[in-house]
Amino acid sequence: MQLFLPIADIPINVFLILGLGAAVGFVSGMFGIGGGFLMTPLLIFLGISPAVAVASVSSHMAASSFSGALSYWRKRAIDPALCLVLLCGGVAGTASGVWIFSLLRSVGQLDLIIALSYVVLLTGVGSLMFLEGLRAILRSRGGNTSVTRRVRAQGWILGLPLKMRFKRSKIYLSVIPVIAVGYFVGFLGAIMGVGGSFLLIPIMIYVLRVPTFTVIGSAMVLTLVTMVVATILHALTNHLVDAVLALMLMVGGVFGAQFGARAGQRIRGEHLRLLLGLLVLSVGIRFAVELVIRPGELYSIRDLGIGG
């Protein structure tokens, strides 16, 4: 069953998009992360332009993070002060990212930058996840009990000014690195269509020493707000948000996430990290191959609309 996507300007199989949304939702539910860093590349592989994929996935990420943020809010696992500081940087980063997005699109370099960004991000993060999961499995097979240790914040971070007490997280920290992290995640989301939780959470836990019980919920709030802002700005400035595509992805994602959460509870943590790292790394390698492979048509003809 074919359906024409008005903004993407291509026909697409409805069941294929629903299945894609379900598959990414399954992965998100299994690993407890947002699926934007997988959804956007997969849409690009299906022939949807990178610009439309990034803008449309932003709305999908906003919708998928809403229920999670609401759940953590009810459990009082969100630090309002931490969210507010993160959002100060996140909204500014999102606005900057959309501006850079529009600039790159106007000069015809957007597709290349998105592809290169995914190659660097996914291969780097995927390799680290895969190696860390592999080491954990080898330690467990060798009979070594791995002790989780919290990495202390760097001395220069502890010495930064403008410190603020985050009562629910029970930390006393400068707002400068928190705003910087929020800005980075917001900028990344606007350019690449990713929520950024898979980068934000490790940085907040291991670098800034924020407790885990408030990090995940606060990260979801940041993802929700920045993705809503990115969707609005992309729709107003670039007119690239395909509502039909985003709606189908949401429907598939809701069903897939339920089954993924159940499957994730049956798999050991180190195996989950290994599988996730392998998945992320494989998508990054696929992007790298797409960049260097010889196209089937070396030249294309386009009507410039010049009368004569």
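The points below cover the annotated spans, a strand pair and a surface patch.

1. First, a reminder that this is a predicted model. The unreviewed UniProt entry lists residues 12-31, 37-57, 78-100, 112-131, 171-201, 213-233, 240-260 and 272-293 under "transmembrane region".

2. Residues 213-233 are 100% helix and 0% strand, with end C-alpha atoms 32 Å apart. Residues 37-57 are 81% helix and 0% strand, and here the end C-alpha atoms lie 10 Å apart.

3. Please also look at the strands. Strand E3 (residues 163-166) pairs with strand E4 (residues 171-174) in the antiparallel sense, over 4 bridges. If you want a place to start, Met164 has Leu173 in E4 as its bridge partner. The two strands, E3 and E4, form a hairpin with 4 residues between them. In that turn, Lys170 has a positive phi of about 60 degrees.

4. Now for the surface. Leu112, Ile113, Leu116, Leu291 and Val292 make a nonpolar patch of about 410 Å². Helix H5 (110-141) and helix H11 (269-292) each supply at least two residues of this patch. H5 gives the most, with 3 residues.

How values were computed. Residues numbered from 1 in each chain as written. Predicted model: local features only at pLDDT ≥ 70, side-chain atom pairs only at ≥ 80, totals over all residues. Heavy atoms only, no water. UniProt positions renumbered as here; feature names shortened; annotations may be inferred. Pairing = 2+ DSSP bridges. Patch = residues over 30% accessible without salt bridge, like charges linked within 9 Å, V, L, I, M, F, W, Y side chains within 5 Å. Areas by Shrake-Rupley, 256 points an atom, 1.4 Å probe, with all protein chains shown as cover. Salt bridge = Lys/Arg side-chain N within 4 Å of Asp/Glu carboxyl O.
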